[in-house]
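Biologist: I have the sequence and the model open side by side. Could you walk me through it before I get lost?

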Amino acid sequence: MSATQQGRQLSRRLDKIESQNRIFKVYAAFITLLFMAVLFMGNTAVLQNGQFKNITAHGLTIVDSGGEKLIFIGKTAGGTGLEVFNKNNKRVFSLGINKDESGSGFLIADNKGMPRIGCGLEEDVPSFAIANMDGKKVIGLGGGKTGYGISIMDKNEVERVGLGFKDGNSGFAIFDNKGEYVRGMIRQKDGIHYSSYVDDSGKEIINR
């Protein structure tokens, strides 16, 4: 084969390769555009509202636009329930059932995550509690089958005032800083009523 023929054959091969490259570029551009369209349509679908008849999951986490957790639904450290978080990732509200299923309730915390209000049901006994800024319970209210009452405590959770009703008897009591009874008023279910206080010697004095 002469040099001229070899040159022409090489030229034809180069032309064929160039033609194939042009076709490949067209296909590549088409595939890229198709992929971009699918991706765009997918993102648009995600941003739009949707309706679902049923969702089954072990847990569900809802986040904001920055990926920060806002709400969690599922298994928690204490049982099963729902938790709401603030922008500092502190739990400010929770609702659920205990791990041993002995009770259920809800809890409200401040912006530091400190529990401040709680309401629940434990072994068929409903209760409500309020805590101070240190998380110490200062007011408690609850009741069962035979009675119910309210207690007011100091910052050390020592009961200082109590009001209640049990088995037909009602009363009001004041306690010292150690939680010891010092004064109160009682009405028994048989109609007898009286007041009493504890003197300096520790003896209860009853006034009918």
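Modeller: A word on terms to begin with: helices (H or I, at least four residues) and strands (E, at least two) are DSSP runs, and they are numbered from the N terminus. Please also keep in mind that this is a predicted model.

Biologist: Fine. How many strands does the protein chain have, then?

Modeller: There are 14 strands in the protein chain, together with one helix.

Biologist: And what share of the residues count as buried?

Modeller: Of the 208 residues in the protein chain, 13% count as buried. The chain exposes about 16,300 Å², and carbon and sulfur atoms supply 59% of that area.

Biologist: What about contacts between residues at least 24 apart?

Modeller: If we take the contacts in the protein chain between residues at least 6 apart in sequence, 1% of them join residues at least 24 apart.

Biologist: Okay, switching to charges. How many salt bridges does a search of the whole structure find?

Modeller: The search finds three salt bridges. In one of them the side chains of E83 and R91 meet at 3.4 Å, N to O. Another joins the side chains of D110 and R116 at 3.7 Å, N to O, and D154 pairs with R160 through their side chains at 3.4 Å, N to O.

Biologist: Take the first pair you named. Is E83 buried or exposed?

Modeller: E83 has a relative accessible area of 14%, so it is buried.

Biologist: Which residues gather in the patch of negative charge on the surface?

Modeller: That patch of negative charge is formed by D100, E101, E122, E123 and D124. To place one of them, E123 lies in the loop between β6 (115-122) and β7 (125-131).

Biologist: Why does E123 count as exposed?

Modeller: The relative accessible area of E123 is 61%, and exposed means over 50%, so E123 falls in that class.

Biologist: Now the greasy side. Which residues make the nonpolar surface patch?

Modeller: L163, F172, I174 and M185 make a nonpolar surface patch of about 360 Å². Among these residues, L163 sits in strand β10, and with a relative accessible area of 48% it is partly exposed.

Biologist: Last topic, backbone angles. What is phi of N89?

Modeller: Phi of N89 is near 65°, which is a positive value in a residue other than glycine. N89 belongs to the loop between β3 (79-85) and β4 (91-98), and at 42% relative accessibility N89 counts as partly exposed.

Biologist: And where is D167 found?

Modeller: D167 is in the loop between β10 (159-166) and β11 (169-175). Phi of D167 is near 50°, again a positive value in a residue other than glycine, and D167 counts as partly exposed because its relative accessibility is 42%.

Biologist: Thanks, I will go through those places on screen.

Definitions and conventions. Residues are numbered from 1 along each chain as its sequence is written. This is a predicted model: local features need pLDDT of at least 70, side-chain atom pairs count only at pLDDT 80 or more; totals for chains, interfaces and linings use all residues. Side-chain values use heavy atoms; hydrogens and water are left out. Patches are made of residues with over 30% relative accessible area and no salt bridge: like charges are joined within 9 Å, nonpolar side chains (Val, Leu, Ile, Met, Phe, Trp, Tyr) within 5 Å. Accessible areas come from the Shrake-Rupley method with a 1.4 Å probe; for residues, only the protein chains shown count as cover. A salt bridge is a side-chain nitrogen of Lys or Arg within 4 Å of a carboxyl oxygen of Asp or Glu. Lys and Arg count as positive and Asp and Glu as negative; His and the chain ends are not counted. The place of a charge is taken as NZ of Lys, CZ of Arg, CG of Asp or CD of Glu. Buried means under 20% relative accessible area, exposed over 50%, partly exposed in between (1.4 Å probe, protein chains only). Contact means heavy atoms within 4.5 Å.
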